[in-house]
Amino acid sequence: MLARIAKSFLCLALGVFLVILATDTSSAQSRRTITGTVTDAADGIGIPAVNVLVKGTLIGTSTSVDGTYSLSVPTDAATLVFSSIGYVTIEVEIDGRSTIDVEMSQDIQFLDDVVVVGYGAQDEKEITSSVATIGEAEFNQGNVNAPAQLLQGKVPGLSIYNKGGDPNSTPTIRLRGISTVGANTEPLVVIDGVIGASLDNVDPNDIESINVLKDGSAAAIYGTRGSSGVILVTTKKGVRASTGSSGDDNTQFDYNGYLAIDAVQNQIDNMSAQEYIDAGGNDLGGNTDWVDEVTRTALSQVHNLSVSGGSQNTIYRVSTNIRNINGILEGSGFDQINARANINHTGLDDRLNLTMNVSATKRESQYSFNEALRYAALYNPTAPIRFDNGQYFQAILFDNFNPVAILDQNVNEGENKDINFNLQAEFSITDDISVNANIGQQYNSIVNGEYYPSTSFFRGLNAGGLARRFFEDREFTLFETYANYRNSIDKLDLAATVGYSFQEEFYENFFISADNLPTDELGYYGIDLTPVEVTSALRDGFDIQSFASPNERILAYFGRVNLTFDNSIFLNASLRQEGSTKLGNDNRWGLFPAAGVGVDVLSYAPLDFMTQLKVRLGYGVTGALPNDSGLSQAQYEYVRDQGGFYRASLDPNPDLKWEEKTEINFGVDYALMDDRISGSLDIYTRTINDFILEVAIPAAESITGAETQYQNVGELKTNGMEFSINYDAIVDQNMSWTTGLVFSTYNTTLEEFTIDEQMRANLGAPGQNSTSMVRVAVGEEIGQIWGPVFDGVAADGSPTFKDLNGDGQVIGDPGSALADDGDFQALGNGIPDFELGWTNTFSYENWDVNAFFRGAFGHSLVNTFRAFYEPIDPGAINSYNRIKSDKSVDGLTVSQFSSLYVEKADFVKLDNFTVGYNFDVSNNTTFRKLRAYLSIQNAFTITNYSGLDPEPVLQDFGTVDNGGRPSTTPDVLSPGIDRRYNYFTARTFTFGVNIGF
């Protein structure tokens, strides 16, 4: 399989390369050569890797290690644009010159973003931890509606998966595997200096770059917030006027827009009406393609307009983003408007720097019902959509609903509003000492509504009509202040930072569910018409819940010291003491140290073929807090039965303390062939101690009579490796090809737990409620899919299983699937052995092509559709349609979980293929740039998995049947379960334009 995939990779790369070589788009122009040197305005040292472009074209080059460049330009070229991460972009008129030397000033706003990461600017060469930087040019392209999608497959060690094509779902993000069990498993997000900011409140079009801090030594200065890693988002800023300009505002307008068409890429292969009849199914006289009835070819559109500019002292950028996104499931999608403003001003002889960021987002979502896709695959294909009287056809069967009726009759929608702002100030007291302050607030409001009329068999009929409303408001406040000190003594450079951080969060929510409504006309707005009495058997749907958190505060004091000796040896150490109100008085404070060392090997052992070889070693400790407050105290709930009373819901644990993650990372950064080949290697080990989980306790140990308590109960250990390589294969004035590969692998074992072994992840109904599929055991890998091994078919059509322990007795009862049952074994693992991302960027004159492949290997998935609906039982065929698969076994009529339904899910997919054309506007007085492009996402997938989508499932939301709902709390210890309620995968075609004027 891997050999075929490798051959496919090579053939595709060669084919695209030959197509580009064959492309002839314009005649040659007369050219001349411009040379020069780009230096840092602060110290006069040459700056490497500065992008030098002819304005309005793709003609360009990069400066060498000493800052020099040589560029062949058309004779009519008017302006050169110099840009580099960390420096202010400047534009210089050519004016017939053949030598142009440029001084670039550091971008203060960019340094502020770096400060947020480490509370102090640090040159890339001085970094001793594992950090990845992805710029706008490297982002995934096409119909991208969530910022996390920009990074998918681009950063080694960062796993981002979003099974299916649901436009309202959020991707699962894991950095180096599981970082915690009971707390927040996703990385901390920092947007323009605001710690804990929401990715939902930044539009992908507004993002300039994203930095990922991967190891403990980089994240330790964030204490609890950085335990799962840190993702720093830098938004786009205005363009500062070049030195010597008149100072007038140089306003620029940019428009980015696209139209996207989504079509179903993959769906469940089920029986047609005739096949169903031939298999013994009940012929109801119809012929309905239920999947076709509930899906569509969806059209989406996105528009982004920004205005930016500035003088030498003030820069600004204001943008508005409008998104109308529709999914392939009828009725699913959202409408969103987002606005963002950034203003930066320097004064007092550049000693004072002020920055303000403001953003607001409003999203109106139509969530629709993913269950319609599930039932479309299972509903009788001979059933009509409606009876002759116009009412929806509905068979009275368990877990069997008319999918068209689900979509047409019911409502599931919501509205989300986000507002955030922050103000940052930096003042340089002297050339060596500066003080900083950052204050920010974020507000979030959620309103959701559902309605199921009394005529809806799905959730509404037995309730006499059902309405549900949910409201939540969140407020987050951040204040940080810190001071930086820099000094140099001979060959020793010193940078020190000390600071204080205050964070406060408050949230409240209200939920009401009411049934037995007198009318359907008002939808969920008629929820106040529900009868007051709560005694009828019809009142199972009546519920009211209200919650308000305490003011959850985190206080921290931190410091860091960076030392550089001889510009070749780099040392850093940091310490953060942090206190949280979520824990009891005796355990509120935690101490989180970190240290790192790096050596520029080439300074002491030069190698002619290498331009960079840095080794680094980092150590760091971070912490994690529980999601809820007050777990050290007893908690009570109100029960309405028997006239109403209070009972203990949680036993107190005054000894509950921080989770701690300790990580050691060894890394190598390298470059050779004049930087044409570059990359990094990281090897790490991390240990998570005292992870926090709710566990059952004996009645004799309970203080309040509650049956559960939160405890520090276990230890996880992860070992991993990450590797990246980038190669500028072709570097020419008219043509280039850059290719890059990222590779990551990790393995997580459970070192300690309250019990030696446990079965998790229930398969569900119909008929397999007692079946658990994932085993967690001390000393073994996380993610084991566990069960009997299929051996054949008995005479009665039931499955037979292998006698693995040879005792002459085969145990096939899933309820007995524990370690001491010798007839059960690991059937696969839900976590991939390794993941790959392969990027190819081609350009030829004004054309550019980007092909991005992504793959995961070694993981398995439980195909739950097959586990329930593949065996054909003549007595049950009238209940459900059946799944067709080349893995089905003749004669098998009984559904029972085994190795038969656990499939290897290795895959490689062409995630994104984009072709763009950049129009030459160098002589155009209206446009600065003009680009058009076509993009395909999910172009094809190579896999042997027979389900909808082979992508890994890193967490489980539990089983759902007969109108139930998935859990809102994912189980991160149960990966690998491909549930029946997943959204179908989509292939997306996008046409877009980028216009600057």
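At 5% relative accessibility, does K614 count as buried or exposed? K614 counts as buried at that value of 5%, where buried means under 20% relative accessible area, exposed means over 50%, and partly exposed lies in between, with a 1.4 Å probe and protein chains only. The structure is a predicted model, in which local features need pLDDT of at least 70 and side-chain atom pairs count only at pLDDT 80 or more, while totals for chains, interfaces and linings use all residues. Residues are numbered from 1 along each chain as its sequence is written, and side-chain values use heavy atoms, with hydrogens and water left out.

The side chain of K614 meets that of D669 in a salt bridge, with an N to O distance of 3.8 Å; the term stands for a side-chain nitrogen of Lys or Arg within 4 Å of a carboxyl oxygen of Asp or Glu. This pair links distant parts of the chain, since D669 belongs to strand β31 (residues 659-672) and K614 to strand β28 (residues 610-624), 55 residues apart. Helices (H or I, at least four residues) and strands (E, at least two) are DSSP runs, numbered from the N terminus. D669, at 14% relative accessibility, also counts as buried.

A search of the whole structure finds 46 salt bridges. One of them joins the side chains of D206 and R317 at 3.1 Å, N to O. Because D206 lies in the loop between β12 (194-195) and β13 (207-213) and R317 in strand β17 (residues 314-326), this pair ties together parts that are 111 residues apart in sequence. Both D206 and R317 are buried.

A further salt bridge brings together the side chains of E722 and K214, at 2.8 Å from N to O. Here E722 sits in strand β33 (residues 708-731) and K214 in the loop between β13 and α3 (216-219), so that the pair links distant parts of the chain, 508 residues apart. E722 counts as buried because its relative accessibility is 1%, and K214 counts as buried at 5%. Through shared partners, salt bridges join E722 and K214 with R176, K661, E663 and R686 into one network.

Strands of a sheet pair through backbone hydrogen bonds, either parallel or antiparallel. In this model β33 and strand β34 (residues 735-752) pair in the antiparallel sense over 16 bridges, where two strands are said to pair if DSSP finds at least two bridges between them. The two strands form a hairpin with three residues between them, and M721 has T745 of β34 as its bridge partner. β34 is also joined by 10 bridges to strand β41 (residues 834-844), again running antiparallel, and in β41 the bridge partner of S744 is E835.

Another sheet is open and is formed by three strands in the order β44-β43-β47, with mixed pairing. Its edge strands are β44 (902-904) and β47 (977-978), each of which pairs on one side only. Strand β43 (residues 860-863) runs antiparallel to β44, to which three bridges join it, and V862 has V902 in β44 as its bridge partner.

The last stop is N924, which is placed in the loop between β45 (907-918) and β46 (929-943). At 35% relative accessibility, N924 counts as partly exposed. Its C-alpha atom is separated by 9.8 Å from that of F997, a residue 73 residues apart from N924 along the chain.
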